[in-house]
Amino acid sequence: MLLNIKKFSKSQRSTWRYYWAHWCAFQMVAITLGIWKFKYLFHDWHKPWMKMLGFNYDDIQRFHREHSNHHLEYLDNHDLKEFDWDAMIIDNECSQYTKESCTRNAYEEIIL
């Protein structure tokens with residue numbers, strides 16, 4: 001395992017602790033893959049703030065997927081040229097380190 005980060009259950013994913021662990025894993029995977037970009041410092045930055053403002057996790061997740069260019073749902077209302085394939089791969093790859101329900105790497109998650 002690349003990172004020794006606590007894995008979180010679905011019910012724990014709306015906590016600041018999860019956001020911090022996911023952000024760290026995302027940064028580490030991006031650096032390890034050699035595709036880190038400055039904009040990745042702001043990865044998922046809106047999610048903990050939305051939670052603090054009282055939004056429930058399902059609404060936050062739906063908003064995030066529809067408005068973040070590293071999720072396929074983003075393509076429903078945006079141009080393919082705007083999609084961030086690198087961030088999608090990083091996000092899928094780092095999920096195996098932070099989510100109990102995700103045991104597959106990015107290749108397995110996207111292709112299989």
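## Starting with one lysine

Is Lys47 buried or exposed in terms of relative accessibility? Lys47 counts as buried, at 8% relative accessibility. Here buried means under 20% relative accessible area, exposed means over 50%, and partly exposed is in between, using a 1.4 Å probe and protein chains only.

Before going on, a word about the model. This is a predicted model, where local features need pLDDT of at least 70 and side-chain atom pairs count only at pLDDT 80 or more, while totals for chains, interfaces and linings use all residues. Residues are numbered from 1 along each chain as its sequence is written, and side-chain values use heavy atoms, with hydrogens and water left out.

Lys47 sits in helix α2. Helices are DSSP runs (H or I, at least four residues), strands are DSSP runs too (E, at least two), and both are numbered from the N terminus. Leaving out residues up to four places away in sequence, Lys47 touches Tyr19, Ile60 and His64; contact means heavy atoms within 4.5 Å.

Pro48 is in helix α2 as well, and at 7% relative accessibility Pro48 counts as buried. Not counting residues up to four places away in sequence, Pro48 touches Trp16 and Tyr19. Have a look at Ile60 too: its C-alpha atom is 9.0 Å from that of Pro48, and the two residues are 12 apart along the chain.

Now step into the loop between α1 and α2 (46-52), where you'll find Asp44. What is phi of Asp44 near? Phi of Asp44 is near 60 degrees, a positive value in a residue other than glycine. Most residues other than glycine have a negative phi. Asp44 is also buried, with a relative accessible area of 9%.

## Along helix α1

Ala21 counts as buried at 9% relative accessibility, whereas Thr32 is partly exposed, with a relative accessible area of 48%.

Each can be paired with a residue elsewhere in the chain. For Thr32 and Ile89, which are 57 residues apart along the chain, the C-alpha separation is 12 Å.

## Aromatic rings

How many aromatic pairs are there? The count comes to seven aromatic pairs. The rule is that rings of Phe, Tyr and Trp (its six-membered ring) pair if their centres lie within 6.5 Å; planes under 30 degrees apart count as stacked, over 60 as edge-to-face and the rest as tilted.

Take Phe38 and Phe42: their ring centres are 5.7 Å apart and their planes are at 75 degrees, so this pair is edge-to-face. Phe38 counts as exposed at 55% relative accessibility, and Phe42 as partly exposed at 46%. Elsewhere, ring pairs link Phe8, Tyr18 and Tyr19 into a cluster.

## A leucine in a loop

Leu72 lies in the loop between α3 and α4. Leu72 is exposed, with a relative accessible area of 52%. Setting aside neighbours within four places in sequence, Leu72 is in contact with Phe83 and Met88. The C-alpha atoms of Leu72 and Asp84 are 9.8 Å apart, and these residues are 12 apart along the chain.

## The largest pocket

The largest pocket holds about 440 Å³ of space. On a 1 Å grid over the protein atoms alone, a pocket is an open set of points with protein on both sides within 12 Å along at least five of seven lines, where a 1.4 Å probe fits; lining residues have an atom within 4 Å of a point. Grid points are joined across faces, edges and corners, and the volume is the space filled by probe spheres set on the points.

The pocket is lined by 21 residues, and Arg65, His71, Asn92, Ser95 and Lys99 are the closest to its centre. At least two lining residues come from each of α1 (16-33), α3 (57-67) and α4 (85-98). By type, the lining divides into five nonpolar, eight polar and eight charged residues. Ala, Val, Leu, Ile, Met, Phe, Trp, Tyr, Cys and Pro count as nonpolar, Asp, Glu, Lys and Arg as charged, and the others, Gly among them, as polar.

## Cysteines without a bond

The structure holds zero disulfides, a disulfide being a pair of cysteine sulfur atoms within 2.5 Å. For Cys94, the nearest cysteine sulfur is that of Cys102, 8.8 Å away. Cys94 counts as buried at 0% relative accessibility, and Cys102 is buried with a relative accessible area of 9%.
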